[in-house]
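Morning, everyone. Let me put the structure up, and then we'll go through it.

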Amino acid sequence: MVLHNSFADDNALRSRVRPRNEDARGPYYRDTTAIIHSSPFRRLKHKTQVFFAPSNDHICTRMEHVLHVASIAAAICRPLGLDNEMAWAIGLGHDLGHTPFGHVGERIISKLSEERGLGRFEHEVNSLRVVDFLSNNGNGLNLTYAVRDGIVCHNGESLKRRIKPTGTVRDLKAVTEREGLIPATFEGAVVRFSDTIAYLGRDWEDAYRLGILKGRELPEIVKERLGSSNGAIINTLVTDIINGASEEDGIGFSHDIFEAVEVFSEFNYQYIYRSEILNGYTRYFTRLLRLIADYLEDLYESYHLDEKGYLSEHNMLAAGFYNHIAEMYPKYIEKEGSDRKMIIDYIAGMTDNFCLDCANEILKPDHLNEELESITGRWFDAR
């Protein structure tokens, strides 16, 4: 089965926010290189997928997840005659707007955003915001329409049996929420299913590795229809999508396979995503992210664009935040007419490790100790 997108030509899909001279590399491969050379992509290696486990090299990070999604999507697109370079770029870019600490962090930041009258925070919409505005010093990555559309429509957590792409161009600047979004292309639909395929088995595998699922076996319907290992599950789901794809019905799972996928998803939600360990994450990371948000808001209200005020805090967070706002404040005013989202955007872009470092910067008065040492000597209390 070879699928064809229902566009009269590729011009709309390949169009960019700003004109660009294309070359022999092709537009979607250039999107891929723009993404992998971006700062938001590099930060994914220190962002949680599900479990906060920075010292465990075998637990999936957000960067590994986007690589899994991109590779699965490309594998599905190839036999269907679709553009695997477009799918690869969408897969790599789909989570660039994700928060520190995974979906736990996303829910916390969404609450902080709503409390400040900024509306819900949704990482799909924020990923588009990152590639269109927040990357590259406020200039965005200037990606093609097809890749931007696939990024904002990638919501793999909302299970659907089938998706038929719209084949139409929408105003992506007007998108404010993920609800009801359907991708314009078959490749975008493939990435959405690839997101689901990538996280279902890997999240279960990581939870099993960490001992969270002791005494709990996969449901029989999952083992019988999908497989008993992450590799087998991926193979089953990829093959099912390839075999069932059609221009009339779109991309999706067969009835029997989707039934098992729904059971698998509910198993993960019950025993992983709603587990006590993730509840513990929520309590801890809520305190952490509120501390950072309150501190940055106090700094900004006190000093605004006064560099000396930030430097008087004698910590790297305040100094780094000043450098950020000095660079980005004009961009916010120029492009959005407001700086109201600047602090939430800054926190959402942080890595897990940087958040923890921020707490140390805020709470540990090392500069006061240094001042004392300069006056009395390091061992002033020795007798």
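What share of the 383 residues in the protein is buried? The answer is 49%. Keep in mind that this is a predicted model.

Next, the fold as a whole. We have 18 helices and two strands. Along the principal axes, the C-alpha atoms fill a box of roughly 80 × 55 × 35 Å.

Contacts next. Take those between residues at least 6 apart in sequence: 74% of them join residues at least 24 apart.

Now the surface and the charges. The accessible surface is about 17900 Å², with 49% of that belonging to carbon and sulfur atoms. Side chains come to 44 positive and 58 negative, and the centres of the two sets lie 0 Å apart.

Let's zoom in on helix 7, residues 123-134. How many of its 12 residues are buried? It's 11, so helix 7 is largely enclosed by the rest of the structure. Among the buried ones are His123, Glu124 and Arg129, along with Leu128, Val130 and Phe133. What do the buried residues pack against? Helices 3, 5, 6, 8, 15 and 16.

The span of helix 7 deserves a look too. Its end C-alpha atoms are only 13 Å apart, while a straight helix would reach 16 Å at 1.5 Å a residue. After helix 7 comes asparagine 136, with a positive phi near 55°.

That's my part. Over to you.

Definitions and conventions
Residues numbered from 1 in each chain as written. Predicted model: local features only at pLDDT ≥ 70, side-chain atom pairs only at ≥ 80, totals over all residues. Heavy atoms only, no water. Helix = DSSP H or I, 4+ residues; strand = E, 2+ residues; numbered from the N terminus. Buried < 20%, exposed > 50% of the residue type's maximum accessible area, 1.4 Å probe, protein only. Contact = heavy atoms within 4.5 Å. Areas by Shrake-Rupley, 256 points an atom, 1.4 Å probe, with all protein chains shown as cover. Lys, Arg positive; Asp, Glu negative; His and termini not counted. Charge placed at Lys NZ, Arg CZ, Asp CG, Glu CD. Expected span 1.5 Å × (residues − 1).
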